[in-house]
Amino acid sequence: MESDVEESLRKRPRKYPFSADSSSRKFEQYPGRPFAIIGEVNFMQDDDNRLEITRTRFGSLLKRHGDLTERLARDSDKIIFERLQKEFEAARASQTEEICLDGDAWNDGLLATIRERVHMESDRKAMHGDADILSCPHEKITYKIGNKVICCLEGARIGVQYETSYAGEPCEFYHCVLESKSFLEKMTVLEHTVPFFLPIREIENDLLSSNAMKFIDHVGDLLQAFVDRREQVRLIKELYGNQIRELYHSLPYHMIELVLDDSDCKVTVSLRYADLISVLPTRISVLAWPMFNKNTTATLNRKEDGLSGSHSTPIRLTYAEDALRTMSLPEAYAEIVLNLPQALQQTYHQKAPA
């Protein structure tokens, strides 16, 4: 019996994983595929090159995304806001008088007075110390001009707090702190809580040294316009989100794209604002793209009403563009949807043959 087993084992072919013909057996599993060695190497090299290019591009994209995410979410901005908000609240709580100004009362002369007062208070504190100031308190005046509150802060600083609103409802506070080494030197922006995508540093370079009052006003206009545009977009999403298929916007909301779904057509809305202090768009495009399919019951497919189903080019909706030039975005949106069926019917109406 043992001799039979040994004889059987000797006759059985041995399998060597790295034998000369093992590769041919492996390649036979994929009939029809060319297996030229040089071709395989070139193919792998091309794949490696493309993979490396993709990896480099993706890595760059991830880095940019990470930088933006860090800039948007970093804690330092929140810390600065909370600290400045407390400082402004303390300044207003300790004020001896609040003066509300309108029109011409807010001028360069008043700003010069505020600057002088700030430096006098700082010098007095440096000369006599806190004890003397407590025994002889100095008047602290806060000025309210429109949506701005201007007050004197410790350390020869002027604080400007911007109170934004939309439709009569208060929104966020923003802060800008100005300082100068002396009354005769130009002021600079020490710190602020203005969103990073609004160009406060460019405005500082253009205006602050030459016209500080204009700088303060312009920053206020910039912030209020940003909040207006943002809240308009938020409101249409809240009211008409189920009708809006796509919505894109830039961070300052000065470029907005909408795609609306209607039973008869797809409507694309493109809005561009002339600048960052505009609340109504200046470049507007509203196009309707007819959508025809066998299941639709749209008015456009009813040729017995004199409407053609052969149109494939988009229709420019001038009534919608006019509405967007003069109304807020939520109001204009309601106007567009309300008059869309009639506008499409008028555009596509054709005279029946005699």
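# Reading helices, cysteines and loops

Tutor: Helix α6, residues 200-208, and helix α7, residues 212-240, have axes that come within 9 Å and cross at roughly 155°. Please keep in mind that the model is a predicted one.

Student: Why are α6 and α7 called roughly antiparallel?

Tutor: The crossing angle of α6 and α7 is roughly 155°, and angles over 145 degrees count as roughly antiparallel, so the name applies to this pair. The crossing in which α6 passes α7 is also a right-handed one.

Student: Which residues of α6 and α7 meet?

Tutor: From α6 come Ile-200, Ile-203, Glu-204, Leu-207 and Leu-208, and from α7 come Ala-212, Lys-214, Phe-215, His-218, Val-219 and Leu-222. When the residues of this contact are divided by kind, eight are nonpolar, one is polar and two are charged.

Student: What makes Cys-152 partly exposed, and what makes Cys-265 buried?

Tutor: Buried means a relative accessible area under 20%, and exposed means over 50%, with partly exposed in between. Cys-152 has 29%, which means that it falls in the partly exposed range, while Cys-265 has 1% and therefore counts as buried.

Student: How many of the residues of the protein count as buried?

Tutor: The protein has 354 residues, of which 33% count as buried. One of the buried residues is Arg-115, because its relative accessible area is 14%.

Student: Where is Arg-115 found, and what is it in contact with?

Tutor: Arg-115 sits in helix α5, which covers residues 108-135. If we leave aside its neighbours within four places in sequence, Arg-115 is in contact with Ile-158, Ser-180, Ser-182, Phe-183, Glu-185 and Met-187. Arg-115 and Cys-152 are 37 residues apart in sequence, and their C-alpha atoms are 8.5 Å apart in space.

Student: What makes the phi of Ala-156 and the phi of Tyr-253 worth a remark?

Tutor: Most residues other than glycine have a negative phi. Ala-156, although it is not a glycine, has a positive phi of about 55°, and Tyr-253, also not a glycine, has a positive phi of about 60°. Ala-156 lies in the loop between β3 (148-153) and β4 (157-166), and Tyr-253 lies in the loop between β7 (244-249) and β8 (255-261).

Student: Why are Ala-156 and Tyr-253 called buried?

Tutor: The cut-off for buried is under 20% relative accessible area; Ala-156 has 11%, so it is buried, and Tyr-253 has 14%, so it is buried as well.

Student: How do you know whether Ser-328 is buried or exposed?

Tutor: With a relative accessible area of 19%, Ser-328 is under the 20% cut-off and therefore counts as buried. Ser-328 has its place in the loop between α8 (318-326) and α9 (329-348). Leaving aside neighbours within four places in sequence, Ser-328 is in contact with Gln-232 and Leu-280. Ser-328 and Asp-228 are 100 residues apart in sequence, and 9.3 Å apart in space from C-alpha to C-alpha.

Methods: Residues numbered from 1 in each chain as written. Predicted model: local features only at pLDDT ≥ 70, side-chain atom pairs only at ≥ 80, totals over all residues. Heavy atoms only, no water. Buried < 20%, exposed > 50% of the residue type's maximum accessible area, 1.4 Å probe, protein only. Axes fitted to C-alpha atoms, helices over the stretch in contact; angles between N-to-C directions. Helix = DSSP H or I, 4+ residues; strand = E, 2+ residues; numbered from the N terminus. Parallel < 35°, antiparallel > 145°, perpendicular 65-115°, else oblique. Left-handed = near helix turned anticlockwise from the far one by under 90°. Contact = heavy atoms within 4.5 Å. Nonpolar A, V, L, I, M, F, W, Y, C, P; charged D, E, K, R; others polar.
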